[in-house]
Structures are given as C-alpha cells and as structure tokens.
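I set down each point as I found it.

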Amino acid sequence: MSGVTQDRWAAWFLHRRHGGDPEELRRTLEYLAPIRDRVIAGAQLTEGDTILDVGCGDGLIAFRAAEVVGTSGMVIFSDISAELLDRCRMLADEVELADRCQYVRAAARDLGPIENASIDAVTMRSVLIYEQDKSAAFAEAHRVLRPGGRLSLFEPINRFGYPEPPGRFMGADVRPVVELAAKVRAVYETIQPSNSDPMVNFDERDLIHLAQEAGFAEIHLQLYVDIGRRKPMAWETFLNRAGNPRIPTLREAMAQALTLEEADHLSTRLRPQIEAGTARDSLAVAYLSASRSTEQP
Ligand SMILES: C[S@@+](CC[C@H](N)C(=O)[O-])C[C@H]1O[C@@H](n2cnc3c(N)ncnc32)[C@H](O)[C@@H]1O
C-alpha cells in the first residue's frame, strides 16, 4: 500500500498510531494481545461459528477468531476502510484462510449487507468510539445476531480523566508553560469538542444502557481503571504519533498553534517527562459482553 493512496484510517492504523516507530508498534501489539483474547473469550466462540468482526482494522481480533472457529467456521471482516479490508484479504490469502473469510465494507451503524439473525458472534474493539450513532450500532449488532448469539466488545472510556486540568498536558506537568499548552490543546479541542465528540461523549453506563435499549438479554460489563505513569517513550515517537485518525500529531499541532520559539519552549518542558516516564497516565476501559435472547422475535 502506498502512503499516498492510503485512506485516513489505513494511514493512521498502519503508521500514525505508533509514530512510525517499530518498537512502539511492538509495544502496542503486546498491550493489545490480552485485550484481543478477552474480547474473543467474551464472544464464547465454538467450532463452526460464524463471527462478524466490526471495525476489523488489520484483523487483530478476526484472525485469532478464525483459529477458534476452525475450518468449519466463517469469519466476516467488516470495516469502513476499503484499504484495511484489502489488507485483511491479502493476509488471509497468505495464511490460506481465503475460503472461510468474507469482507464487508460497512459502518457499525449500518451493517446493511449482513442478513438478519445470520451471525453467531459479533466482536468490536475500539470501534464504537468512532461511531457517532452508537444506538444504531447496538441495534445492528442485535439484528444480525441469531437468537442466543453473542456480542463482545472493548472500548476505552475516554471521558475518564478528560479534559485534563490546565496544568497538565498529555499527562505532563506544564504549569510553567500553561499558556503554550493551552494553545496546542485548543487545536485538538476544536477538532474533537469534549462535549460532543463520539470518542469522549459516553461512559460505561451509556454502554450498558445502549445494550439494554437494543434488546440484549444478558449483559455483563467490566470496567478497569489504571492511574499511574506513562511508560517512557522516545521523544521523536511521541512527536510523531496521533491518538486517533482525526487529530494531528503533536508535531503538527505545535506547528499549527505555536511559533518556533514557543514550540521549542513547550518541548523543553515536555521532553524530559516523556523520555523519563514521569508524565501521568489515567486510563479507563470497559469490556462488555451481551447475548441476544434465545426466544424468536
Ligand atoms: C482502533 S481501530 C481497531 C481495529 C481492530 N478492531 C483492532 O482491534 O485492531 C478502529 C477501526 O474501526 C474502523 N472504523 C472507524 N469508524 C467506524 C465505523 N463507524 N464503523 C465501522 N468501523 C469503523 C476503522 O477503520 C479502524 O479499522
């Protein structure tokens, strides 16, 4: 895939989320492995199942699920990014899975091409955070599941610890340069207003409520909260990564909001905290699993 033709999802997913740093990518995948396994466990897959992975990215969940459902099972990769679906198709061909994989380009809020009650399990990892119509996404998951089918998802609860107090920026103590940090923060806030952006406008209670409203019969949710320190990171990587596909990297945001001298000043404050791992980290995530009633509608 060429960098020029990549859509913004593919570009972020395959490059900007880890700042192009292979070590950071390795760490990301290491962090995600137990999350993947948890999502799959929540889906209670058995051999022969048909599983739909909504917002599949490059197949983190779907390829592992393919191992669990075995040669008699079927995996449907679904995403809004044609390029990420192409990548999954290429990877599936490489590992000779092609005959039990399907690819559907669709948004979580409208899984139109997928038939009613045709799926044993729906999985999603970090997809609802990008979906404005979460209610429709739950309704669609419910619609495509057969009676007794399971939904298993993982979502960051970004509302937790956000917005940061003025003296903190990306976890670092910026009290001596609070005005510079505020200018950069404004770049992000304009793109993702904290009161309306789909990444930050929900919490774990909303997820439960949405699942109930969609008609799910049994619902389980676990919330994990971690408050601590950010892991040390190379400064160049920190500058070059973007938290999600819609926002600029820190380097780009500083270039937009600050003079060269101001950017230098803010960097001098941030850099030692990022490199030493003394910046704060506060994180909340939720795992939700739910099943569709076994009674026919
Ligand atoms: C953070 S990535 C997660 C990818 C994958 N689930 C994983 O666990 O690695 C989010 C994915 O959701 C897709 N996506 C974004 N908005 C979506 C939407 N409204 N409906 C379905 N997929 C969406 C993106 O293209 C991207 O592949």
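The entries below go from the model as a whole to its ligand, its helices and some single residues.

**Entry 1: the model.** I noted at the outset that this is a predicted model, in which local features need pLDDT of at least 70, side-chain atom pairs count only at pLDDT 80 or more, and totals for chains, interfaces and linings use all residues. I follow the numbering in which residues are counted from 1 along each chain as its sequence is written. I looked up the confidence, given as pLDDT (the predictor's confidence in each residue, from 0 to 100). The chain averages a pLDDT of 93, and 97% of the residues score at least 70. Over residues 1–5, however, the pLDDT is below 50, and this stretch has 4 contacts in the model beyond near neighbours in sequence. A contact here means that the C-beta atoms of two residues, placed from the backbone, lie within 7 Å.

**Entry 2: the ligand.** How many residues surround the ligand? I found 19, and the closest are Trp9, Gly55, Gly57, Leu60 and Arg125. A residue is near a molecule or strand if its C-beta atom, placed from the backbone, lies within 6 Å of it. Helix H1 (8–14) and helix H3 (60–69) each supply at least two residues of the shell. Helices (H or I, at least four residues) and strands (E, at least two) are DSSP runs, numbered from the N terminus.

**Entry 3: helix H4.** I then turned to H4, residues 82–94, which has 13 residues. From first C-alpha to last, H4 reaches 18 Å, close to the 18 Å expected at 1.5 Å a residue. The expected span is 1.5 Å times one less than the number of residues. Which residues of H4 are buried? They are Leu84, Leu85, Arg87, Cys88 and Ala92. Seen down the axis of H4, these buried residues fall within an arc of 155 degrees, so they line one face of the helix. The arc is that of the directions from the helix axis to the C-beta atoms. On the other side of H4, Met90, Asp93 and Glu94 are exposed. I use "buried" if 20 or more other C-beta atoms lie within 10 Å of a residue's own, "exposed" if 12 or fewer do, and "partly exposed" in between, with C-beta atoms placed from the backbone. The buried residues of H4 pack against H1, H3, strand E2 (74–79) and strand E3 (101–105).

**Entry 4: after H4.** Just after H4, I found that Glu96 takes a positive phi of about 55 degrees. Ala98 sits in the loop between H4 and E3. Ala98 is exposed because 11 other C-beta atoms lie within 10 Å. Leaving aside neighbours within four places in sequence, Ala98 is in contact with Ala92 and Asp93.

**Entry 5: helices H6 and H9.** In H9 (residues 250–257), I listed Leu250, Ala253, Met254 and Ala257 as buried. Seen down the axis of H9, they fall within an arc of 100 degrees, so they line one face of the helix. The buried residues of H9 pack against helix H6 (178–191), helix H8 (235–240) and helix H10 (260–276). H6 has 14 residues and reaches 20 Å from its first C-alpha to its last, close to the 20 Å expected. Leu180, Ala181, Val184, Arg185 and Tyr188 are buried in H6, and their cover includes E6, H9 and H10.

**Entry 6: loops and backbone angles.** Where does Pro163 lie? I placed Pro163 in the loop between strand E5 (145–156) and strand E6 (168–169). A cis peptide bond, with omega about 0 degrees, joins Tyr162 and Pro163. Ala117, in the loop between E3 and strand E4 (119–125), has a positive phi of about 50 degrees although it is not a glycine. Ala117 counts as partly exposed because it has 14 C-beta neighbours inside 10 Å. Ser126 lies in the loop between E4 and helix H5 (134–144), and its phi is a positive value near 55 degrees. With 19 other C-beta atoms within 10 Å, Ser126 is partly exposed.
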